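Colleague: Could you walk me through this one slowly? I am still new to reading structures.
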Amino acid sequence: MKETKNGLKYEYEVLKVGDADAILIRHYIGDEQFIVLIDAGNAGDAAIIKKHLNDYYGSYYIDLAICTHPDSDHKDGFFDLFLDEEITIQELWLTDPASFIDENDIQRYRNHDNAVSAVRKIWNKSTDDNLNLIELAIDEGCDVYNVVDGFKHDKLPICVVGPSADYYVEVVKAMVANYGIKTYEDSSKEAYDDAFKIDEKDIKSVIDNEEDPSPYNASSLIVLYEPGDGKRLLFAGDANTTSLQMMLDKYKWLRNVEFLKVPHHGSRRNLNTSIIENLSPKKCYISAAGNKKHPSGRLVYWLAKYGDVYSTHVCNSFIHCSSAAMPDRYGTIKLSPFKEKK
């Protein structure tokens, strides 16, 4: 899994944190190392991230952290990272609902400050309502940016390609209204199922039948990383099909990606066959616990029509890819696909 052009040095890794997301990118500009963290898993997963940073990067400095959306399996690990005195996070990207409040919101909460405080509660830690990610990051001296489609990093080849500001305005109302109510899809207690009948018409019907109803997932940032060798790596968080299709409608050149971080742990409700065909990912990566819903066996089957599929639930290590200019490192294990391209 080596990739390179003109001596480019970069690597990306999907850490093994169960039914949660924690992804690292290390990118070099000249001799300068930049570390990017996309999502930080659940409470307790910060220890895994910290150990990985020390073992493989020799640094506790994170240049850019991105929290795709305010579900606990993406945001809660960030609280421990920010509270760890050894770790520095320079910059945090997320979508701040306070940037989208209108006059009706202000009247509802009587004044602007009350409205800001109320809508930002979606960024509270799931196990401690006294901790708010935005407020904590600011208190720790981190530069916090409110981002939606079109936002780009000033040095790194990383940008946001969804959701649009208009779509976020729609879903933020539902997020705020449902604050404290569980709207995401439960993990199944049943084991991963790949014993279904191979009937492509039936499989297509199941995948295309419905969309994830969670407004939290609908708000998820979609992040594009283009390291400079012509490859496109798409980190889809838990985005839904509406947001992904809006991305494809706007960025018509965004096809045939090298890498897709499959949204929502491989749930069948966050991709459809049309989006998969348009993206035609050569490598699909899933962070999942390995049950009937995460990942969906039918979705895995369809993804494998276009590329190799990897899932953390069957890996005995984290998933790692690097450019050929990156030196081999001790402890990296070559992984076989969960399901190879058909």
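Modeller: Let me begin with a term: a helix here is a DSSP run of H or I with at least four residues, and helices are numbered from the N terminus. Please also keep in mind that this is a predicted model.

Colleague: Okay, so where is the place of Asn217?
Modeller: Asn217 sits in helix α8, which covers residues 215-218.

Colleague: And is Asn217 buried or exposed?
Modeller: Asn217 has 0% relative accessibility, and because buried means under 20% relative accessible area, Asn217 counts as buried.

Colleague: What does Asn217 touch, if I skip residues up to four places away in sequence?
Modeller: With those set aside, Asn217 touches His69, Asp71, Asp212, Asp238, Ala239, Asn240, His264 and Asn270.

Colleague: You mentioned His264; where is its place?
Modeller: His264 belongs to the loop between β15 and α10, the latter being residues 273-279. His264 has a positive phi of about 50° although it is not a glycine, and at 4% relative accessibility it counts as buried.

Colleague: Which other residue has a positive phi although it is not a glycine?
Modeller: Asn256 is one of them, with a phi of about 55°, and it lies in the loop between α9 (241-250) and β15 (259-261). Whereas His264 is buried, Asn256 is exposed, with a relative accessible area of 54%.

Colleague: Changing topic, which peptide bond is cis, with omega near 0°?
Modeller: That is the bond from Gly162 to Pro163, and Pro163 is found in the loop between β12 (158-162) and α6. The peptide bond from His294 to Pro295 is also cis, with omega near 5°, and Pro295 lies in the loop between β16 (283-286) and α11 (297-303).

Colleague: Now the inside: which residues touch the most other members of the largest nonpolar core?
Modeller: They are Phe78, Leu81, Phe82, Ile89 and Leu133, in a core that has 48 residues. Helix α6, residues 165-177, supplies the largest share of this core, namely 6 residues.

Colleague: What is Leu81 in contact with, leaving aside its neighbours within four places in sequence?
Modeller: Leu81 is then in contact with Leu37, Ala40, Ala46, Ile49, Ile87 and Ile89. There is also a second, separate core of 31 residues, which includes Ile203, Met247, Leu299 and Val309.

Colleague: Let's zoom out; how many helices and strands does the chain have?
Modeller: The secondary structure of the chain comes to 11 helices and 18 strands. The radius of gyration is 19 Å, close to the 20 Å that the globule rule gives for 342 residues, so the chain is as compact as a globular protein of that length. Along its principal axes, the C-alpha trace spans about 60 × 50 × 40 Å.

Colleague: And what share of the 342 residues count as buried?
Modeller: That share is 56%. As for how the chain connects to itself, among contacts with a separation of 6 or more, 74% are between residues 24 or more positions apart.

Colleague: Last one: how many positive and negative side chains are there?
Modeller: The chain has 40 positive and 55 negative side chains, and the centres of these two sets lie 7 Å apart. The accessible surface comes to about 14,500 Å², with 45% of it belonging to carbon and sulfur atoms.

How values were computed
Residues are numbered from 1 along each chain as its sequence is written. This is a predicted model: local features need pLDDT of at least 70, side-chain atom pairs count only at pLDDT 80 or more; totals for chains, interfaces and linings use all residues. Side-chain values use heavy atoms; hydrogens and water are left out. A nonpolar core is a set of buried Ala, Val, Leu, Ile, Met, Phe, Trp, Tyr and Cys residues joined through side-chain atoms within 4.5 Å. Buried means under 20% relative accessible area, exposed over 50%, partly exposed in between (1.4 Å probe, protein chains only). Helices (H or I, at least four residues) and strands (E, at least two) are DSSP runs, numbered from the N terminus. Contact means heavy atoms within 4.5 Å. The radius of gyration is taken over C-alpha atoms; the globule rule is 2.2 Å times the number of residues to the power 0.38. Accessible areas come from the Shrake-Rupley method with a 1.4 Å probe; for residues, only the protein chains shown count as cover. Lys and Arg count as positive and Asp and Glu as negative; His and the chain ends are not counted. The place of a charge is taken as NZ of Lys, CZ of Arg, CG of Asp or CD of Glu.
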